[in-house]
Amino acid sequence: MKVIVLGCGSSVGSPVLGKDYTNIKKKNWRTRSSIYISTQGKDILIDSGPDFRQQALNNKIKNIDFVLYTHSHADHTHGIDDLRMYSYLRKDRINCYGNNYTIRDIKENFSYIFNPKNSAGRPRLNLKVIEKEFVEKGVKVIPLPIIHSDWDIFGYRIGSFAYITDCSSIPDETISKMQDLDLLVLDALRLTPHNAHLSVEQAVELSSNIRAKRTILTHMGSDLDYYELLEILPKGVEPGYDGLSVDL
């Protein structure tokens, strides 16, 4: 399995528009959070944010077999139209999965895609509601219910890898599904507490409880410096950066 961190930034990315334009080191330039997984000969995208086109170009992504959506916020869905070329190249529809609320919102927010009267200039996608683990194209996917402020959203586990973004808390039942991980990619917005996201301290504590062999922090705000985090994070936990690739 290969896991590529396409983006590890917060909803506004880093640097923030209108400020922070000078002296930004490369690993502090962060596009909106997304991940790409290649396993068992299949290629899986988790979330298609507004930076997806550039992420796909930067990482030379040539194929997407299916898409998993964590939730419907703009920074996780607003690159959905760039799935168009992948569906055209495949000459087939791409299945996109999420919970009931996520699929409902995507269908409403991008109604031009799913209106049967509109036959041109749109990606060919199938939206599918999931509630429990399933198998797509031979790959077993385990949805991980988590809390994002007052939202019920999903993280995902595939094999020994799990992805949790936009998370304020993780239910015990979900923690039990996250044992024996080789790699965990985990939300860590900032140093101070936030009502909808984990802080760095909370993420480190959760990583310790889950006991993943390696944890990479994602959805990081622009005030988090990659190099400073390297100095303070415990062994086994590290900040992510755009383009980070891990072989499992």
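1. Is threonine 77 buried or exposed? Threonine 77 is buried, at a relative accessible area of 0%; buried here means under 20%, exposed means over 50%, and partly exposed lies in between, using a 1.4 Å probe and protein chains only. Threonine 77 belongs to helix 2 (residues 74-77), where helices are DSSP runs of H or I with at least four residues, strands are E runs of at least two, and both are numbered from the N terminus. Leaving aside residues up to four places away in sequence, threonine 77 touches Ser48, Gly49, Tyr69, His71, Ser72, Ile106 and Phe110, with contact meaning heavy atoms within 4.5 Å.

2. A word on what you are looking at. This is a predicted model, in which local features need pLDDT of at least 70 and side-chain atom pairs count only at pLDDT 80 or more, while totals for chains, interfaces and linings use all residues. Residues are numbered from 1 along each chain as its sequence is written, and side-chain values use heavy atoms, with hydrogens and water left out.

3. Seven strands make an open sheet with mixed pairing, in the order 6-5-4-3-2-1-14; two strands count as paired if DSSP finds at least two bridges between them. Strand 6 (125-129) and strand 14 are at the edges with a single partner strand each, so one side of each has no neighbour in the sheet. From one strand to the next, the twist averages 20°. Helix 4 (residues 100-109) packs on this sheet, touching strand 5 (94-98) and strand 6, and its direction makes about 150° with that of strand 6. For such angles, axes are lines fitted to C-alpha atoms (for helices over the stretch in contact), and the values run from 0 to 180 degrees between N-to-C directions.

4. Have a look at strand 14 in that sheet. Strand 1 (residues 2-7) and strand 14 run antiparallel and are joined by three bridges. Valine 3 has valine 246 in strand 14 as its bridge partner.

5. There is also an open sheet of seven strands in the order 7-8-9-10-11-12-13, with mixed pairing. Its edge strands, strand 7 (134-136) and strand 13, each pair on one side only. Direction ignored, neighbouring strands of this sheet are turned by 30° against each other on average. Strand 9 (residues 151-158) pairs with strand 10 (residues 161-164) in the antiparallel sense over three bridges, and tyrosine 156 stands opposite tyrosine 163 in strand 10. Helix 7 (residues 200-210) packs on the sheet and touches strand 11 (183-187), strand 12 (215-218) and strand 13; its direction makes about 150° with that of strand 11.

6. On to the aromatics. Rings of Phe, Tyr and Trp (its six-membered ring) pair if their centres lie within 6.5 Å, and planes under 30 degrees apart count as stacked, over 60 as edge-to-face and the rest as tilted. By that rule there are six aromatic pairs. One of them joins phenylalanine 154 and tyrosine 156, edge-to-face, at 5.9 Å centre to centre with 70° between the planes. Phenylalanine 154 is buried at 6% relative accessibility, and tyrosine 156 is buried at 1%. Tyrosine 226 and tyrosine 241 also pair: their ring centres are 5.8 Å apart and their planes are at 85°, so this pair is edge-to-face. Tyrosine 226 sits in helix 8 (residues 226-232) and tyrosine 241 in the loop between strand 13 (237-239) and strand 14 (245-247), so the pair ties together parts that are 15 residues apart in sequence. Tyrosine 226 is buried at 7%, whereas tyrosine 241 is partly exposed at 22%. Elsewhere, Phe66, Tyr97 and Phe134 form one aromatic cluster.

7. Tyrosine 241 turns up again with a lysine. The charged end of lysine 27 sits over the ring of tyrosine 241, 4.3 Å from its centre; the rule asks for NZ of Lys or CZ of Arg within 6 Å of the ring centre and within 35 degrees of the ring normal. The charged end of lysine 25 sits over the ring of tyrosine 227, 5.0 Å from the centre.

8. Cysteine 8 is buried at 0%, and cysteine 167 is buried at 0%.

9. Last, some backbone details. The peptide bond from serine 14 to proline 15 is cis, with omega near 5°. Glutamine 40 has a positive phi, near 55°, and is exposed at 57%.
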